Amino acid sequence: MADSEDKTRWKQEGRTAAKHQVLTEYLGAWIPILGQLDWVHDLVLIDGFAGPGRHTGGEPGSPLLMLEAFIEHRAKQRFDVEAHFFFIEKDLRRVESLRRELDAQGVPPDGVTVEVIPGDYAQEFSPVVEAARERWPDCPIFAFIDPFGADPHQELTADLLSLPRCEALTFVPIGYFADLFVAPGMQRTLGQVFGDKVFERGAGLEPTARRELLVEMTEERLRGSCKWVRAIELVPAGPQGRHHYLFFGTNNPTGLARMKSAMWKLDPVGGVSFRDSTQPGQGVMFEDEPEFGPLLAALKVRFGDSIFTVEEAEDFTLFDTPYLHDSQLKSKVLAPAERAGELEPIDPPAGRKKNTYKKGTGIRLRFIEPPPSNESLF
Ligand SMILES: C[S@@+](CC[C@H](N)C(=O)[O-])C[C@H]1O[C@@H](n2cnc3c(N)ncnc32)[C@H](O)[C@@H]1O
């Protein structure tokens with residue numbers, strides 16, 4: 001059992017700071033987009049494993065960060081929505097601590113409701129979602145699901161992956177499952193979480209390949225309730241630590257784009273992993289530059305030597321790769337490829353400036369070289 005599971009509050013680790021950064025970056029972008037849509041009148045934000053509200057060093061926990069993302073948003077004056085927060089926490093000492101922290105913040109402003117629910121995620125989460133859907137039909141729902149990494153309760157972990165229709169950022173202790181794959185007593189848990197196929201697919205794999213398989217199977221499972229799923233790996237500080245993952249699932253392409261941007265803030269080199277040895281928010285080393293070759297290669301595999309539109313390339317980049325369709329595709333991949341003579345514009349509209357790819361200009365493109373292979377690169 002992890003140390004922190006015995007205490008009401010615990011010290012914030014790098015991994016937690018990383019989770020919090022993804023959470024706040026994403027909500028900072030998600031809230032104003034939804035908050036300004038005509039059809040959205042209510043937002044629901046649920047923390048399924050809320051914790052005590054603060055760490056021992058005074059850093060705010062996820063419930064305070066979620067509230068702040070809404071209440072303190074710099075564009076708050078422009079939202080015409082109410083926000084409803086539900087914080088589920090099983091440990092009664094932590095429930096008390098969280099309530100004290102929330103009280104210390106004062107009465108929530110108009111248009112904000114907060115409910116702390118003492119209880120078990122497995123029992124409380126679905127009813128909260130169902131009641132919210134009944135009360136505020138069509139309201140967007142965001143859930144943060146963040147259990148402790150060690151010793152996850154088997155039925156609970158299976159529940160984490162069968163989400164009702166909503167957006168969710170979910171911590172899954174993949175490293176734990178991968179390391180204990182053959183441990184006595186783990187069979188039932190693995191079967192419940194990943195389905196029985198996991199034994200056939202995972203047999204004989206070495207640890208890294210097994211971890212990759214479990215990530216793939218988690219994504220497959222989350223795709224049962226979310227159209228798009230992306231993962232970020234939380235790499236431990238030392239060789240003994242376990243590699244766990246945060247998964248994000250959504251049915252909204254803008255939500256997907258904003259989450260990918262949040263992930264690139266954490267990992268400015270690849271948008272797919274966070275190293276516990278670096279502090280989130282700090283710059284990366286000078287030599288750690290993002291590598292855009294894989295995106296170019298993937299586009300070549302996807303489109304071969306056929307003609308495609310910029311919009312098709314954007315959709316592919318957004319939905320099928322970790323790269324950013326809005327800030328990386330054109331400037332970091334298409335323009336350099338065109339300059340290098342690897343990409344040619346087909347019937348460019350009159351007056352088009354070289355290496356520009358404006359939407360709606362009807363520009364089409366073609367790679368000059370055939371694709372290197374048919375393999376998927378991501
Ligand atoms: C990793 S901590 C959450 C930290 C918090 N999300 C944050 O970022 O500040 C996990 C919390 O889940 C609580 N917990 C454990 N099992 C639970 C369950 N079945 N249902 C609800 N809460 C649970 C623990 O007491 C603990 O406070």
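Reader: Leaving aside its neighbours within four places in sequence, which residues is Leu-246 in contact with?
Author: The model is a predicted one, so local features need pLDDT of at least 70. Leu-246 is one of the residues with the most contacts inside the largest nonpolar core, and Val-22 is named alongside it. When neighbours within four places in sequence are left out, the partners of Leu-246 are Lys-19, Val-22, Leu-169, Thr-170, Phe-171, Ala-231, Ile-232 and Leu-234.

Reader: How many helices and strands does the secondary structure of the protein come to, and what share of the residues is buried?
Author: Of the contacts in the protein with a separation of 6 or more, 72% are between residues 24 or more positions apart. The secondary structure comes to 13 helices and 11 strands. Among the 378 residues of the protein, the buried share is 36%.

Reader: Which residues come nearest to the ligand?
Author: By class, the shell around the ligand has eight nonpolar, four polar and seven charged residues. Out of the 19 residues around the ligand, those that come nearest are Phe-49, Gly-51, Gly-61, Ser-62 and Tyr-121. The elements that give two or more residues to the shell are β2 (82-89) and α4 (121-135).

Reader: Is Gly-61 buried or exposed, and which residues does it touch beyond those up to four places away in sequence?
Author: Gly-61 lies in the loop between β1 and α2, and its C-alpha atom is 9.1 Å from that of Gln-12, although the two are 49 residues apart in sequence. Because Gly-61 has 24 C-beta neighbours inside 10 Å, it counts as buried. Not counting residues up to four places away in sequence, Gly-61 touches Gly-51, Pro-52, Gly-53, Arg-54 and His-55.

Reader: Is Gly-57 buried or exposed?
Author: Gly-57 is placed in the loop between β1 (42-47) and α2 (62-71). Gly-57 touches Lys-11 and Gln-12, once residues up to four places away in sequence are set aside, and its C-alpha atom is 8.3 Å from that of Trp-10, which is 47 residues apart from it along the chain. Because Gly-57 has 9 C-beta neighbours inside 10 Å, it counts as exposed.

Reader: Why do the buried residues of α12 line one face of the helix?
Author: In helix α12 (residues 310-320), the buried residues are Val-310, Ala-313 and Thr-317. Seen down the axis of α12, these buried residues fall within an arc of 65 degrees, so they line one face of the helix. What covers them includes α11 (293-303), β9 (308-309), α13 (329-339) and β11 (364-367).

Reader: What phi does Asp-138 have, and what phi does Asp-347 have?
Author: Most residues other than glycine have a negative phi. Asp-138 lies in the loop between α4 and β4 (141-145) and counts as exposed with 9 C-beta neighbours inside 10 Å, while Asp-347 lies in the loop between β10 (343-346) and β11 and counts as exposed with 8 C-beta neighbours inside 10 Å. Neither is a glycine, yet phi is positive in both, at about 70 degrees for Asp-138 and about 45 degrees for Asp-347.

Reader: How far apart in space are Glu-72 and Gly-28, C-alpha to C-alpha?
Author: Glu-72 is placed in the loop between α2 and β2, and with 9 C-beta neighbours inside 10 Å it counts as exposed. Glu-72 and Gly-28 are 44 residues apart in sequence, and C-alpha to C-alpha their separation in space is 9.7 Å.

Note on methods
Residues are numbered from 1 along each chain as its sequence is written. This is a predicted model: local features need pLDDT of at least 70, side-chain atom pairs count only at pLDDT 80 or more; totals for chains, interfaces and linings use all residues. A nonpolar core is a set of buried Ala, Val, Leu, Ile, Met, Phe, Trp, Tyr and Cys residues joined through C-beta atoms within 7 Å. A residue is buried if 20 or more other C-beta atoms lie within 10 Å of its own, exposed if 12 or fewer, and partly exposed in between; C-beta atoms are placed from the backbone. Two residues are in contact if their C-beta atoms, placed from the backbone, lie within 7 Å. A residue is near a molecule or strand if its C-beta atom, placed from the backbone, lies within 6 Å of it. Helices (H or I, at least four residues) and strands (E, at least two) are DSSP runs, numbered from the N terminus. Ala, Val, Leu, Ile, Met, Phe, Trp, Tyr, Cys and Pro count as nonpolar, Asp, Glu, Lys and Arg as charged, and the others, Gly among them, as polar. The arc is that of the directions from the helix axis to the C-beta atoms.
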